[in-house]
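Open the model in your viewer and keep the selection tool at hand.

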Amino acid sequence: MSYPSLGIEVARAAHKARVEGTPAPRDAEATLYKSGADFNPSRGIDCLNQCCDLALEARDAHWSAAEFDGQCAPLVHRTLALPPIVAGDADFWRWLTFSQGGYGAGLVDVRYSGHRGKPSWSGTDNPARPVYYGLEDLKKGMFAKLWICANVMYVEGASDPYDGIDYPDVDLWDSHVIDVNFGSSAAMARAFVKVVRDMRLTRGDAGDPEAPAGFRDLAKEIRRRQATIVFEMFDDGTARRWVEELWKERKSWCGKG
């Protein structure tokens, strides 16, 4: 039982070679196979091919970044079908990004190298920020982040197992699911996203006491209460009711209507 991986130094060398247009390390020489779980590399290739097809669809339909992420996240999660040990290994995500001649890295280029990190569906010669290639925090790399968002929203056996993943707001996913501790509680993350969607909450401005309340205010209050409430004990129904009640009581904790 083994799965492919790429160490950080080799990944940095591959990234540098792509930027400079020089030969990159060969897959056969750079890939390290780790024990602990079984993963067929062909699944990774299939995932990248499907992501590329989706990027072409996004280009033709002029999708926003959020629309692409909402469609790509469940695709990555479903196609890879990762064991936890593999999903939690940054070296695996670097392999997915830089193997096959940097096929995955090319997708990162398209998704993140436009103006202010927006997609450049027509193609670009400019690299994105290193973080999106998995060269820094695991959860900030494009493919790992998409997988994490889909995994948080996934409910096995549900009629729509990824319900809510297509909510089109990059700020919500990056700042209030990926970057916060309560996002590690799947039931709480699902409740937050679905309350924002179903109640049509706007972003708001948590730093402006005169602005109407929005989901940024709600997320800030959830984080504050996490210190005294064990969100991990909530099931989906309990989490949903708790978030809805918290929002209804917003006047008491943020002074806004």
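**Second largest pocket**

Start with helix α6, which gives five residues, the largest share, to the lining of the second largest pocket. Before going on, a note on the model: it is predicted, local features need pLDDT of at least 70, side-chain atom pairs count only at pLDDT 80 or more, and totals for chains, interfaces and linings use all residues. Residues are numbered from 1 along each chain as its sequence is written, and side-chain values use heavy atoms, with hydrogens and water left out.

The terms for spaces come from a 1 Å grid over the protein atoms alone: a pocket is an open set of points with protein on both sides within 12 Å along at least five of seven lines, a cavity is a set of points where a 1.4 Å probe fits but cannot get out, and lining residues have an atom within 4 Å of a point. Grid points are joined across faces, edges and corners, and a volume is the space filled by probe spheres set on the points. Helices (H or I, at least four residues) are DSSP runs, numbered from the N terminus.

The second largest pocket has a volume of about 160 Å³. Select Ala 24, Pro 25, Asp 27, Phe 98 and Gly 101, the closest to its centre of the 15 residues that line this pocket. Now colour α1 (8-20), α2 (27-30) and α6, each of which supplies at least two lining residues. By class, this lining has eight nonpolar, four polar and three charged residues; here Ala, Val, Leu, Ile, Met, Phe, Trp, Tyr, Cys and Pro count as nonpolar, Asp, Glu, Lys and Arg as charged, and the others, Gly among them, as polar.

**Largest pocket**

Next, move to the largest pocket, with about 370 Å³ of space. Centre the view on Arg 116, Gly 117, Tyr 132, Val 170 and Asp 174, which of its 17 lining residues are the closest to the pocket centre. The elements that give two or more residues to this lining are α6 (90-112) and α8 (170-178). Which element supplies the largest share of the lining of the largest pocket? Helix α8 does, with three residues. Colour the lining of the largest pocket by class and you will find eight charged, seven nonpolar and two polar residues.

Now select Asp 69, in helix α4 (residues 65-80). Is Asp 69 buried or exposed? Asp 69 is buried (under 20% relative accessible area, with a 1.4 Å probe and protein chains only), at a value of 15%. Show its side chain together with that of Arg 111: a polar contact of 2.9 Å joins the two. A polar contact is a pair of N or O atoms within 3.5 Å; within protein, one must be able to donate a hydrogen and the other to accept it, and residues adjacent in sequence count only if both atoms are side-chain atoms. Leaving out residues up to four places away in sequence, Asp 69 touches Pro 74, Arg 111, Leu 146 and Val 170, where contact means heavy atoms within 4.5 Å.

Of its 13 lining residues, Asp 69, Gly 70, Leu 146, Cys 149 and Trp 173 are the closest to the cavity centre. Helices α4, α7 (142-153) and α8 each give two or more residues to this lining, and α4 gives the most, with four.

**Second largest cavity**

Continue to the second largest cavity, which holds about 60 Å³ of space. Its lining includes Ala 90, Trp 93, Thr 97, Tyr 132 and Phe 143.

Trp 93 is buried, with a relative accessible area of 4%, and Trp 147 is buried at 10%.

Definitions and conventions: Buried means under 20% relative accessible area, exposed over 50%, partly exposed in between (1.4 Å probe, protein chains only).
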